Amino acid sequence: MKSFLDIDPKSDFPIQNLPYGVFSTANDADKHVGVAIGTYVLDVTALEREGLLDDVLQGHRNVFNQGVINPFLALKNDIWSAVRKKLQTLLSIEDETLQSHDALRERVLISQQNIQLHVPVKVNDYTDFYASKNHATNVGTLFRGKDNALMPNWTHLPIGYHGRASSIVMSGTAIQRPVGQTKPKDADQPLFGPCQQLDYEYEMGFIVGYGNALQNPIDVKHAKDHVFGVVIVNDWSARDIQAWEYQPLGPFLAKNFATSISPWIVTMEALEAFKTAGPQQDPVPFDYLQDPESDNSFDLTLETYLKPAEVDVPTMIAQTNYNSTYWSIAQMVAHHTITGCNLQTGDMLATGTISGKTRHERGSLMEIAWRGSEPVQIGNVTRSWLEDGDTLTMKAYAENGTYRIGFGEVTGTILPAQS
């Protein structure tokens with residue numbers, strides 16, 4: 001499959017990808033739905049207005065003119081797939097619809113340099129899992145010792161907690177250092193003030209397409225049908241606030257101040273070519289968690305870059321792969337709904353921090369710097385935790401020698417605590 005556009009072979013956005021985003025321009029403040037293609041965005045909202053999607057939307061109207069992608073997510077898999085194939089056809093070198101009509105092409109193909117990206121989906125609810133065994137082992141070792149690293153329930157069910165959907169922000173949003181209560185080891189009483197142990201967590205977030213009715217669990221065999229696509233997630237974390245507050249109910253203020261996501265939703269269909277097996281699970285899960293797919297994970301490279309303000313260029317501080325994640329997205333969906341919980345269109349299920357086995361594969365600074373005991377060297381400075389002025393960038397991609405499916409990036413710069 002080849003596009004009539006000249007696309008760099010190393011581009012994140014070939015015709016095989018077409019991730020969805022929401023954008024506006026200086027000339028049009030209205031939010032449009034689009035897909036990334038090379039250095040352009042294809043305006044899907046404009047294509048719908050032109051009637052070019054009528055044959056694949058199956059009678060549905062005004063799907064792409066509501067400023068978020070939720071109305072499209074609710075239409076289920078057959079329409080998602082049909083629209084994707086239609087967009088690929090319009091962009092292909094074999095089709096003349098856009099190639100032969102200069103005015104139309106200029107209206108619907110816009111340089112990404114001339115757009116402002118927005119959060120693409122209205123996230124109604126956000127659940128954060130703890131699906132990486134390497135990460136859970138590292139954290140458990142740091143806090144409880146090697147012999148008690150994993151809690152007894154960890155290999156039996158996907159651990160998770162409910163996050164804060166209202167503070168999900170777009171890549172590029174500056175992150176203000178949170179303030180709160182902490183209790184240093186040498187203090188008799190808790191203190192109040194700026195977080196001193198600010199961290200990031202590299203996660204992937206799965207966006208729910210259509211949900212389930214209350215009291216109707218989603219069968220693990222059909223769970224992936226409910227998932228539209230994936231974004232990069234940075235679950236910013238105030239570790240010292242978390243250490244004081246989390247017992248007995250878990251994270252609260254340590255996680256609710258900001259969660260950054262990448263602007264493009266890569267569809268599950270675009271990732272089909274990169275499916276792979278996840279880790280062997282022991283013990284064998286209960287029947288409701290037995291994912292029927294042997295290739296239930298994805299071969300995705302995940303990279304983290306850190307740039308302190310006093311350093312000229314970012315340094316890659318970690319590179320790992322999604323395929324180390326222990327619990328699959330189908331298992332997460334099935335477990336989330338087994339009680340009858342109803343997922344809704346636009347919900348986000350994040351994986352929790354994704355870490356590999358070596359230091360360079362760890363998905364948080366707490367793990368890389370081993371809770372401050374092994375600082376990371378970046379240029380002429382070191383980091384145990386994120387400092388004011390630091391810029392953290394995450395990238396993700398899959399590639400097979402023919403093309404690359406990229407997610408773009410999620411980035412954020414740390415601002416001082418509010419005085």
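For my element count, helices are DSSP runs of H or I with at least four residues, and strands are runs of E with at least two, numbered from the N terminus. This is a predicted model, so I keep that in mind throughout.

**Overall build.** I counted 8 helices and 26 strands in the protein chain. I then looked up the radius of gyration: 22 Å, close to the 22 Å that the globule rule gives for 419 residues, so the chain is as compact as a globular protein of that length. The C-alpha trace spans about 75 × 55 × 40 Å along its principal axes.

I find 55% of the 419 residues counted as buried. Of the contacts with a separation of 6 or more, 71% are between residues 24 or more positions apart.

**Surface and charge.** The accessible surface is about 18400 Å², and carbon and sulfur atoms hold 48% of that. I have 32 positive and 49 negative charges, with their mean positions 3 Å apart.

**Rings.** I got 13 aromatic pairs. I picked F72 and F228: their ring centres are 5.8 Å apart with the planes at 80°, and edge-to-face needs over 60 degrees, so I log the pair as edge-to-face. F72 sits in helix α2 (residues 70-73) and F228 in strand β14 (residues 227-234), so this pair ties together parts 156 residues apart in sequence. Buried or exposed, these two? F72 is buried at a relative accessible area of 0%, and F228 is buried at 3%. Both also turn up in a cluster linked by ring pairs, alongside Y20, F64, W80 and Y210.

Note on methods. Residues are numbered from 1 along each chain as its sequence is written. This is a predicted model: local features need pLDDT of at least 70, side-chain atom pairs count only at pLDDT 80 or more; totals for chains, interfaces and linings use all residues. Side-chain values use heavy atoms; hydrogens and water are left out. The radius of gyration is taken over C-alpha atoms; the globule rule is 2.2 Å times the number of residues to the power 0.38. Buried means under 20% relative accessible area, exposed over 50%, partly exposed in between (1.4 Å probe, protein chains only). Contact means heavy atoms within 4.5 Å. Accessible areas come from the Shrake-Rupley method with a 1.4 Å probe; for residues, only the protein chains shown count as cover. Lys and Arg count as positive and Asp and Glu as negative; His and the chain ends are not counted. The place of a charge is taken as NZ of Lys, CZ of Arg, CG of Asp or CD of Glu. Rings of Phe, Tyr and Trp (its six-membered ring) pair if their centres lie within 6.5 Å; planes under 30 degrees apart count as stacked, over 60 as edge-to-face and the rest as tilted.
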